Amino acid sequence: MTDNDGAIQSVLQEDRVFDPPADFIERCGGAWVESKEQYQTLHEQSIEDPEHFWGAVAEELHWFKKWDKVLEWECPDARWFVGGRINACWNCVDRHVENGFGDQTAIIWEGEPVGDAGPEVRRLTYADMQVEVSRFANALKKLGVQRGDIVTIYMGMVPELAIAVLACARIGAPHSVIFGGFSAQSIADRVTDAGSKFVITCDGAWRRGSVVELKANVDEALSMTDLVEQVVVVRRCENEIDMHAPRDVWWHDVVADVDDTCPCEEMDSEDMLFLLYTSGSTGKPKGIVHTTAGYLVHTFLTSRYTFNLRHHKNHVYWCTADVGWITGHSYIIYGIMQNGIPSLMYEGAPNHPGPDRFWDICQRHEVTHFYTAPTAIRAFMKWGEEHPRRHDLSKLEVLGTVGEPINPEAWMWYHRVIGHERCPIVDTWWQTETGGHMITPLPAATPTVPGSCTLPFLGIDAAVVDESGAEQPHGSGGLLVVRKPWPSMLRGIHGDRQRFIDTYFSRVDGMYFAGDSARRDERGYFWIMGRMDDVINVSGHRLGTMEVESALVSHDSVVEAAVVGMPHEIKGTGIAAFCTLSPDWSADDRLRDTLRAHVAEEIGAIAKPDMIRFTDALPKTRSGKIMRRLLRDVAAGREAGGDMTTLEDLSVLARLQDDED
């Protein structure tokens, strides 16, 4: 962290503080947590007696059988709501129908392309969802899916994606959703690791007026594995695809002759709800295991309190993430639907057909809660504030950010241009592994500071510590940890117990290590400083450097590659690749383009390097370890610093710094 001390200090000296708007509670019809003092009292109580706190929250959900004990904890293993029986789909859908709210909107969907009559829009009520989910759940059972089978889902952002997720939960089949931008190889790797026999996909997905060939990617992936027995295909784009009978079946065919009622399986509180793969520094993606009851309880409460969601208040909530990421799982589907709030799903890009698309959607659907990534906000800034100015955003009540720390000036632009200085901004820190929000403001209670995620959520014992676990004084940096279990914490890495322990519970004894460095300012507010491993956070999506390096080296031209993060105006962090080439290849722009396309083919478009530098050698220690710290300096355009006594050949670094290539 020493290389960044100057930047860190300037951030921590941020003196702009924004109190919750004075009229927020009245304007929004109330708040769950109304003041900083109330937050402090509740947080203290939740840390001192977490079983009482979380037990009271859990009482609001539907249980087939109540738990015997709220928590059993023996680090690193947590069991929440022990002995309880519950179903995620029942709590997201059936509970609302049973309580008389079946005619209320559950999902608002808008897609591409935009024709002369405007965009295609679909609205599904909770009663509609109950029928559609039950039909598809019965179809899955007819195809042979049994309780405990892991179902892989690789789809565009269409309502059938939410229906598929909830249908899996309904029958007790864990889902493994793969982001639709990932490549065939990435699909094959995840299918193999999960041991999945069933895949759900679409013929294609629309993005910027073009079709993303989802089914073709699945076909290519399944040529690499013989595990998959059945593929269900949603007809979305009507693009030409190959259907391989009897393996491949159309969604509309399999739901045509099944019953529209399907009982919910009574799941044990610790039964797996889903697998979600996230990148790791060793290259192999990690299958994060989330179980049922604790995840539901945590996402239910964080959705309600972080966004101040209130049933019957004409709220329309829009999280712009893809369900292929944890944000979409927790804050498009599970957390939001448990609260009975209309959740908007959008298929497409933020700038198609024009750079005002998001603001047009906000106006037409009267969005009240808007949750997006800093990388999107920086793009909005670049496109110009004239685009949001053309639209009525007066219905907005709460703005949120997710995926990475937001730089203060982007925060200010968001506050001023989108929120018109009257919408609290909830800057949320959390991870795939945590399942839900961990550090975040509460809109009516927390004074906010641009760039800081502020204070821990209720029940979260977050701290900045040194390697021994000793808490660091305010203003000092250290490791970001969570000292006590929380309900939605990961339960393991699928098939790799030791990696689970080594990654999250070996750095600081008895504590969950987030992999991030952090500081707390004089207010006690948290500032996330970045990753402490070799995972790059690109536009809120985590990519392992080893994954990208492996993809580059798999091309005939590349002998060796080193990948690091670099500052990027829009993404926050971009990907810089340093490659040494085979003597048979020429270092030119054509090869750069070829390698970028190759990485996209191997991993997905999000992994394409933003910069590729060709070099005759990489800076290494005498033992042969690449000194990525120095490459990060080169990629950032600053003079390499720090201890270089172990560097084998100083001239390698000198050539890299002198090279304007």
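Which strand does Pro113 lie in? Pro113 belongs to strand 4, which spans residues 105–115. The legends below describe a predicted model.

**Figure 1. Overall view of the predicted protein of 661 residues.**
The protein contains 21 helices and 30 strands. Its radius of gyration is 24 Å, close to the 26 Å that the globule rule gives for 661 residues, so the protein is as compact as a globular protein of that length. Along the principal axes, the C-alpha atoms fill a box of roughly 75 × 65 × 55 Å. Of the contacts between residues at least 6 apart in sequence, 71% join residues at least 24 apart.

**Figure 2. Surface and charges of the protein.**
The accessible surface comes to about 24500 Å², and 46% of this area belongs to carbon and sulfur atoms. Buried residues account for 61% of the 661 residues. There are 63 positive and 99 negative side chains. The centres of these two sets lie 1 Å apart.

**Figure 3. The largest nonpolar core, with 161 residues.**
The members that touch the most other members are Phe81, Met129, Phe136, Ile153, Leu166, Ile200 and Tyr334. Helix 7 (residues 159–171) supplies the largest share of this core, ten residues. A second, separate core has 27 residues, among them Cys362, Phe370, Met412 and Ile418.

**Figure 4. Surroundings of Tyr334.**
Leaving aside residues up to four places away in sequence, Tyr334 touches Ala88, Cys92, Val165, Leu166, Ala169, His175, Leu273, Phe274, Tyr295, Leu296, Thr299 and His329. One of these partners, Leu166, is listed with Tyr334 among the core residues that touch the most other members.

**Figure 5. Helix 12 and the residue Gly340.**
Helix 12 covers residues 326–338 and is mostly covered, with 13 of its 13 residues buried. Just after this helix, Gly340 takes a positive phi of about 70°.

Most residues other than glycine have a negative phi, and most peptide bonds are trans. Pro113 is placed within strand 4. Pro353 sits in the loop between strand 17 (343–346) and helix 13 (357–364).

**Figure 6. Positive phi at Glu238 and Thr454.**
Glu238 is a residue other than glycine, and its phi is near 55°. It is located in the loop between strand 11 (230–234) and strand 12 (248–250). Thr454, which is not a glycine either, has a positive phi of about 70°. The loop that holds Thr454 runs between strand 20 (425–427) and strand 21 (462–465). With 0% relative accessibility, Thr454 counts as buried, since the limit for that class is under 20%.

**Figure 7. Lys620 in the loop between strand 30 and helix 20.**
The loop connects strand 30 (611–614) with helix 20 (628–636). The relative accessible area of Lys620 is 22%, so Lys620 is partly exposed. Lys620 and Leu630 are ten residues apart along the chain, and their C-alpha atoms are separated by 9.6 Å.

Methods:
Residues numbered from 1 in each chain as written. Predicted model: local features only at pLDDT ≥ 70, side-chain atom pairs only at ≥ 80, totals over all residues. Heavy atoms only, no water. Helix = DSSP H or I, 4+ residues; strand = E, 2+ residues; numbered from the N terminus. Rg over C-alpha atoms; globule rule 2.2 N^0.38 Å. Buried < 20%, exposed > 50% of the residue type's maximum accessible area, 1.4 Å probe, protein only. Contact = heavy atoms within 4.5 Å. Areas by Shrake-Rupley, 256 points an atom, 1.4 Å probe, with all protein chains shown as cover. Lys, Arg positive; Asp, Glu negative; His and termini not counted. Charge placed at Lys NZ, Arg CZ, Asp CG, Glu CD. Core = buried A, V, L, I, M, F, W, Y, C linked by side-chain atoms within 4.5 Å.
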